[in-house]
Amino acid sequence: MNTAARTAVRSRFTLSRDVMQAFYRLLGVVLLCAILATLSDVFLTTNNILNVLRQSALLFLMASGLTLVILTAGLDLSIGANVALSACLAASVIKITGSPLLGMATGIGCGAVIGLANGILVTALRIPSFIATYGMMWMLTGVTYYYMAGETIHGFPPEFRQLGSGYLLGVPMPVYVMVLFLLIGGLFAQRTVWGQQIYAIGANPVTARLSGVPVERRLVLVYAVSGAMAGLASLIILARINSAQGDIGEDLTLPAIAAVLVGGTSLFGGSGTVAGTLIGALILTLVLNAMNLLQINSSWQPLVTGVIVLLAVWIDTRARRIGE
Amino acid sequence: MSTRGFSLAALPVARVPGVAIVLVVLCAGFGVTSPGFATPANIANILTQSTILLLLALPMTVIIMTEGLDLSIGAVLTFASIVLAVTVIATGSPTLAFLAALGVGLCFGLGNGVLIAVFDIPPFITTLGTLGIAQGLSLLVTDGQSVVGIPRSIEQIYSGTAAGIPFPIIIAALAYFITHALLYHTRFGTYVFALGGNREALRVAGISVRGMLIRVYVFGGLMAGFAALLMTARLNSAHPTAGIGMEFDAIAAVAVGGTSFERGNGWLLGTLLGVIAVGVLRNGLNLLAVPSSVQVACIGALVIVALFIDGMRAER
Amino acid sequence: MTVVPLFELRGISKEFPGVKALDDVSFEIRAGEVHMLVGENGAGKSTLMKILCGAYRADRGSFFNNGEPVTIHDSTAARKFGIAVIFQDFTLVPYLDIAQNIFLGREFSSRLPGFIDRRRIHAEAKRVLDMIGFDIDPRMPVHGLGVAQQQMVEIAKALSQDARILVMDEPTAALSDRETELLFAMIARLKKNGVAIIYISHRLSEVFALGDRITVLRDGSNIASLLPAETTPDQLVTLMVGRPVDTTYTRPSRPTPGAVVLDVKNLSGPSGFSDINLTVRAGEIVGLSGLVGSGRTEVARAIFGADRVTAGEIRLFGEPIGGSTEISALRGMALIPENRKTQGLALARSVGDNIVLAGLRKLFPSGFFFPGRAMKAARAIIEKLRIATPTLRRPVATLSGGNQQKVVVGKWLNADARFYIFDEPTRGIDVGAKAEIFRLLDGLVHNGAAILMISSEQIEIVHICDRAYVMRSGRIVGELAHHELTEANIVRLGIHQ
């Protein structure tokens, strides 16, 4: 890999540039809000704003784990399918045992195990991450449909549903979860040895290995975390819509990838922040919300997301080229 | 230098056993477990059903040989099929409709190629993006509904026969031979090997790498347009989710067929066998009443096994 | 001597930032001769050949084709004069056959538009292969060929484009004795057909067996043009190595070596080395010499745990070790790799990030990372090694080669390494900065560290090391104690005559 090409890489020593980037993106969020407020009367209602926050919380949770994967120059295409299977398993466990805690452990555990499997495919079998996780996506989808057999599981204990639809001090619960994981994710990436090693792997895996970084183990960890975060996101969805179906979360993979890329994390690894991904999730949710409010056919959503992904990667590629 | 009696291991022939063993094992397994499997009618059925997959797997082989990937091919097929159905209903002209489907394939292939070759965006993310776009367009045009009321003439393309041979088989055979000729007997094919094997060699020889890459993805788009014709004829309708995931079967068939994701090592006959293997697997599991969701997982397992073998071979 | 040379370079000079690569070099090649080009690494052979084939442009100097003045400003021009280089990293496509490779981009058209005439391509390829006496089926795919055969295909490819002058850069480096013989037979045939060959070699036996004339380069200047019959191998070695010692560096006295730090016994590995035995003591710099490709880097990587080993034992401070770069780093081993830019640094990351990378675990045993402490540690290293950088946040790519190398060393200083493997520490570093790197090595051993240093420049080994091992073809063929450590001895051991 041409390491000379890895330029626009940022890190803690160059935080100021990160701050500037984040500032521009926040400016984008504000601008989007302003446009939306003028276009639609509904946008500035409390209900809608809370809705946007709740939606972006969900997207952020999936995208935060994915951010770590993309920081290592990998990709996880299985997170949407992971959400589906984790949600369905968690739903069954809650239904059978009546214990939300057991169900939550199942959901997160299932997600983590799937992530672990991805990590092993990528490191031990050296399958390119986008192919390994793509295959995983289809296998998970198959397993989930088989498991659910077209059924729907619904009706969960109210204390569990609080996680998705409850409020605390007028703010939806998922927003608290989002803030919590923003802190955890940010601290993990910026303030731990493992986080630093993850950046180093993304910037140049050969150098990282020759500097004593256990590259394979860190990669497995990163995929496992991405899977676990998908498992966590599945719980939020479950608690919010109060039912589980085989196709739950399926169409969230592309928006999550878009959120990470729009948030400034480079597809080529080594550069980006979890906080940036939060802004990316906000921007993406706002765009999708706008389409909703403006009563644009929901069929436009995959199309728009696809275009956003391409634009974000194009900008990233250009920045790298100019850096050379 | 006594290299006349060349070693078998140096030829792609060494790969025959891999796919062949998979095929034989699958056939033997299903032959024993389900009595309906080894009947002439069922075998004809498997072959006919594999034709659409073959039309996608052929260009996928070429694309993977260039160290690329096309995740959008199933979604493009779907959209082309919808455009075809809508056009034929609106104009009544199957020819026009077919051209429209080809046009859709051409546009997406060109788009993928330009994004990859000119804008330098990695193939997997490019085609993931265009997958979203094609899927969105399909939903938009149909509003999520099936397009029905297609004239009989289109259906004939799938169900008709010539000299006792089903049309789809004839089309697939033609496509195979055309791709074979392209890959092994034209400049295009020669440069496809070079795109994956050694791009520097191509540059030194003064060939435009970008132009070749674009052509490769255009080929993929056009074949998706052809496949859309068969798909629409087979279903006698167009549905916005009909081709979703077909790229997965296509990649699976290519991988099982022994084409490697590195160094431009492709083998078209292997892909043909891989397509039949995937078809046999699906058909056999159907006969055993295994739900199609589990079939996907089985194919996934097949791919991972194939890639694992690929990796083992590369290491040796 | 009224022969008009086929091609002539006169008064060529070429300067790179900080290095005068070529200084007023003249070189001529006649039809049907094998002209050997010899000299140490860094003498300017490659630069001269790159100018000949149009990859570099000379700062000064003129070219003559058959006595006519011409210019070569790019590789197309060079090709027009029939100059072709057989590259070490081949330009072959693995899954095309030999004939298709030979005619890549120049395929014969068939009557059907767009189609190629495979039969004619194969027939023409056969003709070219016959011309060089390479008896092989042109339908063989290239990926199954050995290095020697691939080289033949490259040569056939060059000849099919009417090359009159072939440049071969150490063509026998990866060949077996039998393959070498076949290559020599082919060269003899080419000579008979009037093709001129410029042959770069380190192997004196080849120089004398093959050469019609010999040109010796040293420090970017022609030292001599000789006929093989009028010289001896010893004279040639003297001409090659007689380089003035770098005057900016004088070696200080060394402490007496302490306990054994690294002890390698019977080490063999799949990457091409076997039965390696070596020891390094605290406070000494041990050289690992030998030609490029003799297995030095592979041994270094295996000792560090980056490559697999199949047999043998590595002990660091008496403890067995191996197979994991993580453990090697934690136990105090450091590798300063050959390729600084792709293996030693994350170029796009900051100087500070690069410096703290290897020592993260030692600096932050709790696993939590504190930027302030990291900055402080990095700053201490920058001061200690006098790394010239305006800030810690500068991407390391913007630093000069010497300073980049110091960052790599600093990375390991920060990790408290006590045994260092330096693989070509001065490669791509300005002459002035080299002395500083040597002083750095000296500082390390004075503080009790042990060093294993790989270098292709014998003079460096002689000058810096306390003793040295010499490798050839994946084996250690000799150990030179300090009093035996001379360039001539290294060359004699490392090059089989």
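**Helix 10, chain A.** I looked up helix 10 of chain A, residues 215-241, in this predicted model. I counted 27 residues and found a reach of 39 Å from the first C-alpha to the last, close to the 39 Å expected at 1.5 Å a residue. I then checked burial: 23 of the 27 residues are buried, so helix 10 of chain A is largely enclosed by the rest of the structure. At its end I noted N242(A), which follows the helix and has a positive phi, near 60 degrees.

**Domains, chain C.** I found chain C divided into two parts, with domain 1 running over 7-241 and domain 2 over 260-494. For the spacing I took the centres over C-alpha atoms, and domain 1 of chain C lies 35 Å from domain 2 of chain C on that basis.

**Contact between chains C and B.** How many residues does each chain bring to the contact? I have 23 residues from chain C and 24 residues from chain B. I sorted the chain C side by class and got 13 nonpolar, six polar and four charged residues.

**Confidence, chain B.** I read an average pLDDT of 85 for chain B, with 91% of the residues scoring at least 70. Which elements of chain B have the lowest and the highest mean pLDDT? The lowest is helix 13 of chain B (residues 292-315) at 71, and the highest is helix 4 of chain B (residues 94-117) at 94. I also looked at residues 1-16 of chain B, where pLDDT stays under 50. The model has 23 contacts beyond four places in sequence for residues 1-16 of chain B.

Technical notes. Residues numbered from 1 in each chain as written. Chains lettered and ligands numbered in written order. Predicted model: local features only at pLDDT ≥ 70, side-chain atom pairs only at ≥ 80, totals over all residues. Helix = DSSP H or I, 4+ residues; strand = E, 2+ residues; numbered from the N terminus. Expected span 1.5 Å × (residues − 1). Buried ≥ 20, exposed ≤ 12 C-beta atoms within 10 Å, placed from the backbone. Domains from an automatic or database assignment. Contact = placed C-beta atoms within 7 Å. Nonpolar A, V, L, I, M, F, W, Y, C, P; charged D, E, K, R; others polar. pLDDT = per-residue confidence, 0-100.
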